[in-house]
Structures are given as C-alpha cells and as structure tokens.
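Hi there,

Here is the structure I promised to pass on to you.

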Amino acid sequence: MHKILFSKLKEALLSVLPITLIVLIISFTPLVSLSVTEIVVFAVSAVFLIVGIGLFNLGADLAMTPMGEHVGSGLTKSKKLKILLSVCFVMGVLITVAEPDLSVLAGQVKAVMNSTLLIATVGVGVGLFLVIAILKIVFRKNLSSLLMFFYMMLFAFCAIMIGSGKTDFVPLAFDSGGVTTGPITVPFIMALGVGIANTIGGRNANENSFGLIALCSIGPMIAVMVLSLTSKGEIPPVSTDYSMNADLGSAAFWLTVLGTLKEVAIALALIVAFFAVLQITVLKLPKRKLAQIGIGIVYTLVGLVVFLTAVKVGFMPIGFKLGQEIAQKHKIFTIILSFILGMVVVLAEPAVHVLNKQVEEITGGGVTKLEMLLALSIGVGISIGLSVIRIICGFSVLYYLVPGYLISLGLSFFVPKLYTAIAFDSGGVASGPLTSSFILPLAIGACVTLAGQDSILSLAFGVVAMVAMTPLITIQALGFKAVMSAKVRQKITMKRILSADDEQIIYFEQ
C-alpha cells in the first residue's frame, strides 16, 4: 500500500508542480504585487494539494471505481431494468447534490440565484440524464445521434432564453454542466458504465462504457436554463470575497476545513449508505472486498478535504489577484498567461487521472495517457485564452459555444465512435474543482478590471463551459489523425504488396 501511495504522490507532484512554479515565478515580477504571506500560503497550499490528489487517486482506485463497477454489474445481472434505472437516478441525484465542485460554483453565484435550489436542480438534471445514458448502453444506441439531438435541444433553450431577456444566465447554465462531473461523480459514474457495459457484453462493450459523463453534463445545462426562465426581477451584480484573509486566521481556517469536511462527508455518506442497501439486497460482496472499499473511502475523504481546503485557502485568492492585477498591466500578456495556466491546470485535476487510466486500460493502450493529457492540455489552454479575449472584447459566450459544439458534433461522424465517447467524457472531466476554484476567479479578476463588477455573470462566467468544450475538438482531432494515419499506412502496405507482385512476374522472350 505504501508503494502505491508513494507512486500516487509522485504523479500528483508532477501534476501540481508546473502551475505552482509558474505562479511563484510571476509573483517575483512587477506584473503582480503578492505579499510574503500570500506567497507562503500559496506554496504551502500547493504541497497540501499534492497530498490531497495523491490520497484521492488511491481512494478512487480502492473504493469509488470498484463500487461503481459492482453496482453496475450487480444490478444488470438482476435483469430488472426498472430497478436499475431507479437506482441510477437516485445515485445521480445524491452524488451531484453533494459534489464539492457544484458547491464552489453555487457559492460564487448565490447573489443571483438561490444556491440550494441551483444544486437541487442540477442534481435532478444529472439523475435524469444518467437514466438516459444507462438506456443508451442497454439498448446499444448511437452516442453521436443522442448528443446531436440533445445539443440541438440545448441551443433551442438558448434561443428561448435570449428571447426572454435571460441572456446573462446562459454562461452560468453551461458552466453548471462542466462543474457537475467532479472528483466524486466521475470515478463512480464511469465505473458504473464499465460495469453495465461489460455485463451486457457485445463487440462494442468498451465503446458503450463511455458517454455517461457526456450525457450527464447536458442535463444540468437544460435544467438550469429552465430554472433561469422561471426567475423574476433584476439580476444583481455577482459579489464574492476572494481575499486570502477571508480564510486565514485560526478561526476562519478551521471553519473552512470543517465546512469542506462536512460537504465531502455528506457526499460520501450518501454514496456509502446507498451502496450498503444494495450490498444487503443485491450485491452481497465478500468481507475482504468491503474492507478494501472501506479503506478507500477513508483515503478519498481525507484526500478531498485536503485538496479542496488547499484550493479554497491558497488557490482561489491568488487566481483572482493574478487576473485582476495582470489585466491592469497588459491585456496581451493576460491572454498568453491564461493559455499557459490552462495548459498546466488540467494536469492537477484529480478526475482527469481517473479518466486517463480507464481510457488506457479499456482501449488496450490504443489511446495512451500521454496522448490524452496533451490533447486535454492544449484544449483547455486554448479555451481559457479565448475566454480572456471574450472578456476584453465583451461578446457573448455563444459566439464560441455554438460553432464549437457544431464542429464537435460534426467531427463525431468522421472519427471512430470510441474517440467521440472519450472526447465528450473528457470535456466534463477537464472542468473540475481547480477550474472552478482557480481559473474562474482568475477570469472574474480580469473581468472586474477590464469590464467592471456588473459584467461578471455575462463575461467571466462561461470559462468553465469553454474548458468543457475544447477537449471535444482536440481529442476527436486526435482520433481523426489516427484514422488518417491508418489509411496512409494501409496505402503504403498495398503499394509494397503490388510492387512485390510485379517483381515476381517472369517475362519470356518472343
């Protein structure tokens, strides 16, 4: 166990080190004026971030992934579709309602929307679309067709919102889809899909196991749009205290830790309680397996509490201050820095490592961890750079999202279906807690400087949605490249065969 934990901590160190070094280097330049306290707190937070990611990844391997697989396979073997769908709906709602990512987003928009109502609405959206995702696996429906249908429905709702004067809520709706698939949701839902697909079998079992995250990301967007259409009155400006002092000091710090512990404990308790019911009624796993899952739950709990506390105390205030002060100095450099930070921030997202591992295992090394990380890194970097350009120029996020999703959906008809499923899952996974707790405050800080406090909802929000969208294009482009490379190799092989046949022809004199 110690060797495995050391390996996880080493992976986490390599993930967090790039973004930490970049921020520390910038802190010693005239671009920002960080105090010694802020630099020290950020550096210490980075260390705790590494510990948190390492513990969480070990916990996901020991508990979250096996739990999802056993629930999926156990309920599928029962051959009772209604029970399977009912359990998946309840699990989708419970996991999402207690997802730390969603709490972070809700806390930043509580001035414009009731946070409890927002979280509940998003939970129902995920539950409904998880049911649709399970039906896709059971009846082996085409993911591309489903995505095309639901995204067209999504953009129809966008048109209704614009016509109703609710345009400012559009970025928030798209962001809610990105943050929903966080560190607790992803391992469980992906493993659930693997368990169901492997039990049902078929030649496309691997392909069918992906796509759950993709569909579960759409549900919250539509749900929040419906909620926004029912809201009345003027939209107040978004106001959140991003100062480091808000979480420092003995009392404030321990309140943050206890608040985070409560959020994560509720999330895991809901999953464990529901899993316990299924264990007694359906699964009946051996005690040894239950003991392993129990240990994994503890690692997951401690890891997430350490990770989220470090993000709230050290990364959120620094992200806001970087965006605010660098935007005052140089707009072009703000875009460049956003691109660089976007490329490295995805490396530190806990759920990304869970996805990459499952992709490499299920594809048999056909899609490697390195290829996935490069595609995700480039995509996220581009998305955040484009988001800062939008803040500077002041146009709607739909100018990016509509053509972006059309390109993504168009590519889905030209690349292997497995790449499409992986790409759309990756979009939801890339936009994790570090995106909502570091990149979003960075965008808000830049927006406050460049466009003013009143523009935060319409211009700063939407950055999470951008992070969720661009990997759809980059990873499918990776698949398109793989298809083209295979065709080129096939042509070269055919030419060699034909050439060899020509050399074997014997010519006789007349």
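Predicted model: local features only at pLDDT ≥ 70, side-chain atom pairs only at ≥ 80, totals over all residues.

Let me start with helix α4 (residues 100–108) and helix α7 (residues 170–180), whose axes come within 9 Å and cross at roughly 155°. An angle over 145 degrees counts as roughly antiparallel, so that is how α4 runs relative to α7. On the α4 side, the contact involves Asp 101, Leu 102 and Leu 105, which meet Leu 172, Asp 175, Ser 176 and Val 179 of α7. Sorted by class, the residues of this contact are four nonpolar, one polar and two charged.

The other pair is helix α6 (residues 143–163) with helix α17 (residues 417–430). Their axes come within 10 Å and cross at roughly 40°, and α6 and α17 are therefore oblique to each other. From α6, the residues Leu 143, Ser 144, Leu 147 and Tyr 151 meet Thr 420, Ala 421 and Phe 424 from α17. This contact of α6 with α17 holds five nonpolar residues, two polar ones and no charged ones.

Finally, the surface carries a nonpolar patch made of Ile 332, Ile 336, Phe 339, Ile 340, Leu 370, Leu 374, Ile 378 and Ile 382. Together these residues have about 690 Å² of accessible area. Helices α13 (331–345) and α15 (369–393) each supply at least two residues of the patch, and Phe 339 is found in α13.

Conventions: Residues numbered from 1 in each chain as written. Heavy atoms only, no water. Axes fitted to C-alpha atoms, helices over the stretch in contact; angles between N-to-C directions. Helix = DSSP H or I, 4+ residues; strand = E, 2+ residues; numbered from the N terminus. Parallel < 35°, antiparallel > 145°, perpendicular 65-115°, else oblique. Contact = heavy atoms within 4.5 Å. Nonpolar A, V, L, I, M, F, W, Y, C, P; charged D, E, K, R; others polar. Patch = residues over 30% accessible without salt bridge, like charges linked within 9 Å, V, L, I, M, F, W, Y side chains within 5 Å. Areas by Shrake-Rupley, 256 points an atom, 1.4 Å probe, with all protein chains shown as cover. Salt bridge = Lys/Arg side-chain N within 4 Å of Asp/Glu carboxyl O.
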